[in-house]
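The sequence and structure are shown first.

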Amino acid sequence: AHLATYKPKKVVIVCGENDLWGQNAARTFGDFKVVIDKIIASGASALYLGTKPEPSTKSLWNKYQQYDAMVFDYADTLATNALPTVAVPLTVIDVHAAFVDIGNPRSLYDSDRLHL
């Protein structure tokens with residue numbers, strides 16, 4: 001409904017981390033794909049910020065990596081199939097790697113070691 005109302009050109013999305021607590025990466029990616037496909041069908045493109053390695057979710061980091069790999073592959077597929085005159089449908093920023101590159105300091109996080 002909001003896509004039709006506001007007609008954005010670009011949608012920034014953070015999606016999947018909470019879902020990975022209760023379901024596997026493939027199911028979470030399936031849900032993500034539904035959302036992305038709706039964004040693209042509306043005429044917008046999406047900018048996805050990948051999962052981040054929060055200190056309190058260490059047990060999920062492998063799932064995060066599996067999920068992000070599926071998202072990266074999907075972004076590549078969409079880019080390959082996009083018309084040359086159309087904006088890249090899905091841009092992915094590897095937030096996990098960026099956090100690791102700076103040492104993932106706990107000072108970035110709130111006291112729950114989850115939220116920024």
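## Phe 29 and Tyr 74

In this predicted model, Phe 29 has a relative accessibility of 14% and counts as buried, because the cut-off is under 20%. Tyr 74, at 11% relative accessibility, is also counted as buried.

## Aromatic pairs

A pair of aromatic rings is described by the distance of the centres and the angle of the planes. Six aromatic pairs turn up when the whole structure is searched. One of them joins Phe 29 to Tyr 74, with 5.8 Å from centre to centre and 80° between the planes, an edge-to-face arrangement. Since Phe 29 belongs to helix H2 and Tyr 74 to helix H3, this pair ties together parts that are 45 residues apart in sequence.

Phe 32 and Tyr 67 form another pair: the ring centres are 6.0 Å apart and the planes stand at 85°, so this pair is edge-to-face. It links distant parts of the chain, with Phe 32 in helix H2 and Tyr 67 in helix H3, 35 residues apart. Phe 32 and Tyr 67 are both buried. Through ring pairs, Phe 29, Phe 32, Tyr 48, Tyr 67 and Tyr 74 are linked into a cluster.

## Helix H3

Helix H3 runs over residues 61–81.

Which residues of H3 are buried? They are Tyr 64, Tyr 67, Asp 68, Val 71, Tyr 74, Ala 75 and Leu 78. These residues cover an arc of only 120° around the axis, and therefore lie on the same side of H3. The cover over the buried residues of H3 includes helix H2 (25–41), S2 and strand S3 (90–93). On the face turned away from the buried side, H3 carries the exposed residues Asn 62, Asp 73, Asp 76, Thr 80 and Asn 81.

## Lys 52

Lys 52 is located in the loop that runs between strand S2 (45–49) and helix H3. Is this lysine buried or exposed? Its relative accessible area is 14%, so Lys 52 is buried.

Leaving aside residues up to four places away in sequence, Lys 52 touches Glu 17, Tyr 64, Val 95, His 96, Phe 99, Leu 114 and Leu 116. Tyr 64, one of these contacts, is also among the buried residues of H3.

Methods: Residues are numbered from 1 along each chain as its sequence is written. This is a predicted model: local features need pLDDT of at least 70, side-chain atom pairs count only at pLDDT 80 or more; totals for chains, interfaces and linings use all residues. Side-chain values use heavy atoms; hydrogens and water are left out. Helices (H or I, at least four residues) and strands (E, at least two) are DSSP runs, numbered from the N terminus. Buried means under 20% relative accessible area, exposed over 50%, partly exposed in between (1.4 Å probe, protein chains only). Contact means heavy atoms within 4.5 Å. The arc is that of the directions from the helix axis to the C-beta atoms. Rings of Phe, Tyr and Trp (its six-membered ring) pair if their centres lie within 6.5 Å; planes under 30 degrees apart count as stacked, over 60 as edge-to-face and the rest as tilted.
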